[in-house]
Amino acid sequence: MFADYSMSELGAIFAMQGFAGLILFSVFVLMALGLAIIFGQMGVINMAHGEFMILGAYVTYLVSNFFAAYLPGLFSAYFFLAMILAFIASGALGLFIEWSMIRHLYKRPLDTLLATWGLSLILQQIYRSVFGAREVGVSIPDWMMGSMPVTDLIEIPINGIFVMVLAVGISLAVYVMMFRSGWGKQVRAINQNRVMAGAVGINTEWTDRLTFGIGCGVAGVAGSAFTMIGSTGPTAGQLYIVDTFLVVVFGGAASLLGTIASAFSISQAQSIMEFFLSGSMAKVLTLLIIVGILMIRPQGLFAMKLRK
Amino acid sequence: MKANALFTRSEMIGFAILACVIFLLLPAVLDTFRLNLFGKYLTYSFVAIGLALCWGAGGILSLGQGVFFGLGGYCMAMFLKLEASTPENTAIQSTPGIPDFMDWNQLTALPWWWEPFHSLGFAMFAVVAVPVVFAFIIGVAMFRRRVGGVYFAIITQAFAAILTILIIGQQGFTGGVNGITDLRTLLGWDIRTDEAKETLYYVNGILLFAVLFAAQFVRRSKLGRLLIAMRDQEDRVRFSGYDVASFKIFIFCLGAAFAGIGGAMFTLQVGFMSPTLVGIVPSIEMVIFCAVGGRMSILGAVYGALLVNWAKTTFSESFPELWLLGLGGLFIAVVMAFPNGLAGIWSEKVEPRLLKLIKKSPAQAASPAQQSTPAE
Amino acid sequence: MTDETSKKPNTGVSRRAMLAGGTALTASLFLPKQLKAADYPTSEVNTTGLAVTDDTVTIGILHSITGTMAISETGSVQAEKLAIEQINAQGGILGRKIEYIQEDGGSDWPTFAEKAKKLLVNDKVASVMGCWTSASRKAVLPVFEQYNGFLYYPTFYEGLEQSPNVIYTGQEATQQIIAGLDWVAKEKGAKSFYLLGSDYIWPRTSNKIARKHIENYLDGAKVVGEEYYPLGHTQFNSVINKIRLKKPDVIYAIVVGGSNVAFYKQLKAAGIDMTKESPIVLTISVTEDEIRGIGGENIEGAYACMKYFQSLTNDNNQEFVKSFKEMWGDDMVIGDVTQAAYLGPWLWKAAVEKAGSFDVDKVRAATPGIELTSAPEGYVKVHDNHHLWSKTRVGLAKADGQYDVVFETADLVEPDPFPEGYQ
């Protein structure tokens, strides 16, 4: 397969393929972080995670239209505002859903799965009624859609860099919030022992709500970023849900570090196999390997405790 | 009432009512087309019964029941497809005598693992055996390592995703995204005629009752009580010396066998099998059928499957653009407001009043302690 | 006047039946003669118990309103409703107004089969406009054959099928593929092709035909890669790198659905400027409908090969685009399949009027040879094999989401669902 190519060409291709793996890694991290917060810290299975992402994407779409119509001069910068608004919109919806639905179900984690699946159907239909069944085209500022030539042979997509920077940024922010803030301390305390946490004066209800809201907000930002690389339609959220859950479970649900490690290993495995095999087979093999490892090590890569 | 009898009296009444509904009421009020639809819904109730045992009694929530339903359905479809692909019927193909989709994908001979499906006996065996073997492998791997709850749910979901991608990707062997279509006869008997559809409906009903009796037997046996004990306090059961994992594997395999039979009946009644019945969405919907019926109740599971599917068909006929809202609302309502589903409503609200009316001696019959009320 | 045609069903379509049946879009030029229901007593035009009354005839519309396919199928529903409305405005068919019953296939193939059966058995519809994916068509096909229904299927598809109960108003694979490949080889001198598709039957069969044609009929051309990704796949950076490695002259892309959007966005972001035509991107799966989701700026410079583009300048099409936008809004775009769906009710009307009856067997007998001079794509004719003779065109995608037609075949291309030498 490589006989006809010079060393420099091969090097360039492998460099770019490595970069493609990193982009995939960033995409997985963005998808999974919000879910890891909610699932890992609260034990809630949010099947509507994809729909929260798509809400962020639709917010981005609306903001881009607004800028194109009223502030064309600032169009190239709208994306940053869109991401903030996506966070607020998805986060606010998350707070509302926690208040109206999830808080009644904390003792029945499997039931959150069913209820949020129902929620995802409702959200899909709402998107369809409001934005139409067709995908919407989100115009991305030109500077974000190009590529950056590094050498004659290596070109790096700017949106890939953007996704990577965002993934790193959000991971750091989540890390700081979780491990350096009072809120994070409370979340972790509740995760370890809800009753004791309440007894020492932590407002568990409000902390739960905020955690859920922040998890959904992060999903919204991810959805906003994915308008650069994917489609925005009522059912697009479902494309992400299996991958997302696998990343979180494979990492060991309770651990954010595990989520990142698992995103890294899955993305590298998939991108290497995609390069040497056909696309469909690469996907199946990746999933099979993940499931195989999970069967040997069901608690995931990094786990605090699992056995019950 | 003796504790080891197969039925309590109220369960007996429940079975009798269901039998009347399936064998008398529905055939009397529905035309063949609607009856066939209800026959299709009933095939889902096989899965829901299995889930009532695994999830309701055993606490094992599988989001991959579609896999077993699909495997059973595909085994049956392979047999029917081979029968439909006679050299005469497929004369225009470059290789007559093999299924049409194989010919389109340049296969020139039947793959070896299709060969046994020339035999109906083997196919019927496979309908049960293939799902059970799959379930056994998954069960051993997971339950021996004490994986349960949410993790189990998500890993089974991944299986559903894998199998869908495999079936779609290997279209030369499986028919791909189109599925295995255009099934015609079963040992020369045309399954597409109205009479055949009615016969199949009754066969389906009888099989359903066989499965219901099996499920009831398991529930009333010591195993059933152990399952409930495990669901509520797994460690105590384990410390009492029971092999928890084996019980779980058994019940999971049983659920898979039920689902496989349901899948085969689906193929027979609908006339094709496709990967859309294997994936994540149908698997979750099947859980909903069970939840709507009342997750503990095997009879409830049947009603749940009927009600949800009937609502789905009706909704989508009258308000095609809004039915997702209704379905989503139903999911949430069942979980939030009626966690015990139809069976809960029946045993908490309807049955006591009914008995009051009949017996006029409320003290005996309506005391909730005697009801088989599903536990939280 | 149509008495005459119904007496002579074998003379092909009569000029006058065509005027009566096919001039919707030039209605402003001259009014077609109205057929009166009284001349066609219900007992005569409907001997098989279809849903035909003295002043109405009921047909079915069967597409996905919900689920993943709703994105694609919406346009077809709109086009079919437009055609029905226009036919009714002209007085309907045999003096009867068309009413329709719309059912939702829900992007789920068993549901399609169930709804098809409902339409045929319970509602007794005289014909059905519907289906989009091959899988949904395969699911309903046995139902239509068993209950002798009549389906007008609008999508370009893989061929390998010819049912007495289906009229295929879109192109089958060889019609769509071969002309485009010949064009790119001749005009652009393309020698090496990279075939890429979503993983299901249509892309695989189409690529098979493309590969045979490239290897056997194009001088010195070769296929340097062939690859499929699962439906809904959203990460294409790996395949883009493989394409860089192989340096093909042409990327032949048959990616569908949400994957489409991801593929073109990532292709552009990876620095492959399609307007420079190195490599050339040639697709058969992106209509104007899909471009709305992809964004015109992300696909500018790619070529698409199909039978219809919204930008066609003939009078029929301008009239069609105008009425479509009047009915459904100015921001609508019309793709190949939408136009093919629009042909369905018109072809059926022409066939019914030629047969002088709604009975499926008579309509079927009358169908081969039906012509539509008023088709937005120009002129089409039904082949004996139930597919349409139609021209194939190549369009160049522009940033505004429209295609410039850069090539069209001189003659109508014959449909050949079972192509010799391509199996």
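## The contact between chains A and C

Chain A and chain C each bring 35 residues to their contact, where two residues are in contact if their C-beta atoms, placed from the backbone, lie within 7 Å. On the side of chain A that touches chain C, the elements giving two or more residues are α1 (7-42), β2 (155-157), α6 (158-180), α11 and α12 (279-296). Among these, α1(A) gives the most, with 7 residues. Helices (H or I, at least four residues) and strands (E, at least two) are DSSP runs, numbered from the N terminus.

The residues on this side of chain A comprise 16 nonpolar, 14 polar and 5 charged. Ala, Val, Leu, Ile, Met, Phe, Trp, Tyr, Cys and Pro count as nonpolar, Asp, Glu, Lys and Arg as charged, and the others, Gly among them, as polar.

## Basis of the model

This is a predicted model, in which local features need pLDDT of at least 70, side-chain atom pairs count only at pLDDT 80 or more, and totals for chains, interfaces and linings use all residues. Residues are numbered from 1 along each chain as its sequence is written, while chains are lettered from A and ligands numbered from 1 in the order in which they are written.

## A residue of helix α11 in chain A

F264(A) lies in helix α11 (residues 256-276) of chain A. F264(A) is buried because 20 other C-beta atoms lie within 10 Å; the cut-offs are 20 or more for buried, 12 or fewer for exposed, and in between for partly exposed, counting other C-beta atoms, placed from the backbone, within 10 Å of the residue's own. F264(A) and E135(A) are separated by 129 residues in sequence and by 30 Å in space, C-alpha to C-alpha.

## A residue of helix α2 in chain B

R34(B) belongs to helix α2 (residues 32-57) of chain B. R34(B) counts as partly exposed because it has 16 C-beta neighbours inside 10 Å. In sequence, R34(B) and W310(B) are 276 residues apart, and their C-alpha to C-alpha separation in space is 9.9 Å.
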